[in-house]
Amino acid sequence: MTDSTKAVEYVRSNGKRFLDELKEFVAIPSVSTLDEHKPDVRRAADWVATQLRSIKMKKVMIMPTKGHPVVYGEWLGAGKSAPTVMIYGHYDVQPVDPIQLWKSDPFKPVARGEYLFARGASDMKGQVVASIKAVEAIMRTEGKLPVNIKWLVEGEEEIGSEHLDEFIKKNKKLLACDFCLNPDAGMIAADKPTITTGLRGLAYFELYVYGPDKDLHSGLFGGTIHNPAQALIELIAGMHDKNGKITLPGFYDNVRKLSKKEHEDFKRLPTSNKELIQMTGVPALWGEPKFIPAERVGARPTLEVNGLLSGFTGQGSKTVLPAWAMAKISCRLVPDQTPEETEKQLRAYLKEHAPKTIKWKLTNLHNAGAALTNTESAGVKALSKALETVWGKRPYFKREGGSIGSVVLLQKYVGADSLLTGFGLPDDNVHSPNERLHLPTWYKGIEAFTRFFYNF
Ligand code: BES
Ligand code: MN
C-alpha cells in the first residue's frame with residue numbers, strides 16, 4: 001500500500017459530512033471537571049467508540065478508570081513488519097465560563113466565515129475527528145491500513161489526566177506501540193505546519209488562607225484582624241520578584257539551561273511580539289527580559305494565579321472582613337523540574353512567609369511532567385513529509401508551553417515517544433470564550449494525516 005490517491009480523494013469529497021459529524025461531537029458538553037456533566041462525558045466516550053466501530057476498528061472498548069473512562073480500539077492487520085502507531089486524543093473539554101462572553105451557545109456549534117465555533121472544536125474534538133476521518137478514508141477505500149494502529153482516547157486530559165497513570169501502568173501490554181501520534185499540540189499559524197518537540201509540565205494547587213471563624217463587620221474589626229484576602233495577595237505578590245523571577249526556594253535549581261543551538265532555534269521561530277500583543281489585546285508584553293517570548297513559553301517555568309476568591313463580590317457594596325480567601329495557583333514546569341519538588345518548594349515558601357495572623361492550607365490538585373520528544377524518528381519523518389506535501393513547506397519544530405499528561409506517562413510505562421502536532425491555531429480561543437476551529441486548516445490536516453500513514 002503506497003498510493004494514497006484514493007484515500008485523499010475520499011477525504012476531499014466527504015468534507016461536508018465530516019463537518020456534520022464534528023458538529024455532533026462538539027454538541028456534547030463533556031466538561032470533565034464538573035460533576036453535573038458526568039453523563040455528557042460518558043456520551044462523548046460513547047460517540048468516539050461508535051465512530052471507531054463504524055470504521056472497522058477491533059476490540060473497541062470503553063474502559064473504566066476511577067474517573068472518566070478511556071476509549072480503546074485497535075486494528076492490527078498490517079502485520080508484524082509494519083509499525084504500530086498509537087493515536088492519542090481526549091474527548092473532554094474545558095468549562096465554558098464566562099458564558100456571557102460567548103457570541104453563540106458553546107454547545108450549539110455554528111460555522112461563521114471560515115470557522116466553526118464551539119467549546120472543544122479546536123481543543124481537541126476537531127483533532128480527534130481529523131484522525132478518525134483520516135483512518136476512515138483509508139479503511140473505506142482500501143479495506144486495510146499501511147500500519148497497525150491503537151487508539152487511546154481519554155476523558156480527563158483537561159483535569160490533569162489524573163487516572164491515566166494507573167490506567168497506562170495497568171495496560172502496558174495492551175498499549176505497546178512504536179510511538180504515539182498526538183494531535184493535541186496545535187500549530188504556529190495557518191500557513192505554518194508544526195511539529196512540537198517539547199511540552200511544559202504542570203503542578204496545580206489550591207491555596208486557602210483562613211482568618212476569623214466567620215465574616216466580620218469591617219468597621220468593628222478592621223485594623224485588629226489581618227484580612228485573609230490581603231494576606232493571600234501579599235503571599236502571592238512575593239512569589240515573583242521585580243524582574244518576573246519566581247522566588248520559591250530552589251525553584252530554578254533543576255531548570256535545564258538552553259544550549260546555544262536551542263537558543264538559535266528559538267530565535268528562528270516566526271513569532272512576533274506585535275502579533276502576540278494583537279492576539280491577546282494586552283497593552284504590552286511581560287516576562288523575564290533575558291528570554292524572548294518563544295523561550296519564555298517553551299522553555300522557562302512560570303507561576304500563575306488562575307483564579308482568586310474571597311469576600312463579597314455581588315452587586316453593590318457590603319462592608320465585610322472576609323473569613324477566608326482562596327487562590328488557584330499553578331506552575332508550568334520545564335525539564336528537569338518535577339511537580340513533587342515544586343510542591344515542596346511552594347510549601348517551604350509558605351512556611352517561611354505566611355504571617356502568624358492567618359492559617360493556610362495547600363492542596364495539590366493535579367500534576368503533569370514536562371517532556372522533550374525525539375525529533376529524528378521514523379514517525380517524525382513520515383509526518384514531516386505529509387505536512388510538506390499538503391502545505392508545500394517543511395514543518396516548523398517548536399517547544400510549546402501547554403501540558404499533556406499522557407506524553408510523559410507513555411514514555412515512562414510504554415517506552416513510546418509522542419509525535420506532537422495538530423491543526424489548532426494560536427487564536428482559536430482554546431480554554432476561552434468563543435473557541436473556534438479554522439476549517440480550511442482542519443481539512444488540510446485530515447489530508448495530511450491520511451498521507452502520513454502511507455509514509456512508512
Ligand atoms: N491542547 C492542550 C495542551 C497544549 C496547549 C499543547 C498548547 C500545546 C500547546 C491541552 O488540552 C491542555 O490544555 N492541557 C492542559 C493540561 C493540564 C490540565 C494538565 C493545560 O496545558 O493546561
Ligand atoms: Mn487539548
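Predicted model: local features only at pLDDT ≥ 70, side-chain atom pairs only at ≥ 80, totals over all residues.
Domain 1 supplies 6 residues to the contact, and domain 2 supplies 5 residues.

The interface was then described by area. The size of an interface is often given as the accessible area lost when the parts come together. For domain 1 and domain 2, the buried area is about 430 Å². Carbon and sulfur atoms account for 53% of this area. The side of domain 1 that touches domain 2 has 2 nonpolar residues, 3 polar residues and 1 charged residue. Between the two domains, 0 salt bridges were counted. Polar contact between domain 1 and domain 2 is limited to a count of 1 residue pair, with both residues at pLDDT 80 or more.

Aromatic pairs were examined next. A pair of aromatic rings is described by the distance of the centres and the angle of the planes. The count comes to 13 aromatic pairs. One of these joins W442 and Y443. Their ring centres lie 5.2 Å apart, with the planes at 55°. Planes under 30 degrees apart count as stacked and those over 60 as edge-to-face, so the W442 and Y443 pair, at 55°, is tilted. The two residues were also assigned by accessibility. W442 has a relative accessible area of 0%. Buried means under 20%, so W442 is buried. Y443 has a relative accessible area of 28%. This value falls between the 20% and 50% cut-offs, so Y443 is partly exposed.

A further aromatic pair is formed by F452 and F456. The distance is 5.3 Å centre to centre, and the angle between the planes is 80°. Edge-to-face applies over 60 degrees, so the F452 and F456 pair is edge-to-face. F452 is buried, at a relative accessible area of 0%. F456 is partly exposed, at 37%. Both residues belong to one aromatic cluster, which also contains F179 and F453.

Methods: Residues numbered from 1 in each chain as written. Chains lettered and ligands numbered in written order. Heavy atoms only, no water. Contact = heavy atoms within 4.5 Å. Buried area = accessible area lost by both parts, 1.4 Å probe. Salt bridge = Lys/Arg side-chain N within 4 Å of Asp/Glu carboxyl O. Polar contact = N/O pair within 3.5 Å; in protein donor to acceptor, adjacent residues only side chain to side chain. Nonpolar A, V, L, I, M, F, W, Y, C, P; charged D, E, K, R; others polar. Phe/Tyr/Trp six-rings, centres within 6.5 Å; stacked < 30°, edge-to-face > 60°. Buried < 20%, exposed > 50% of the residue type's maximum accessible area, 1.4 Å probe, protein only.
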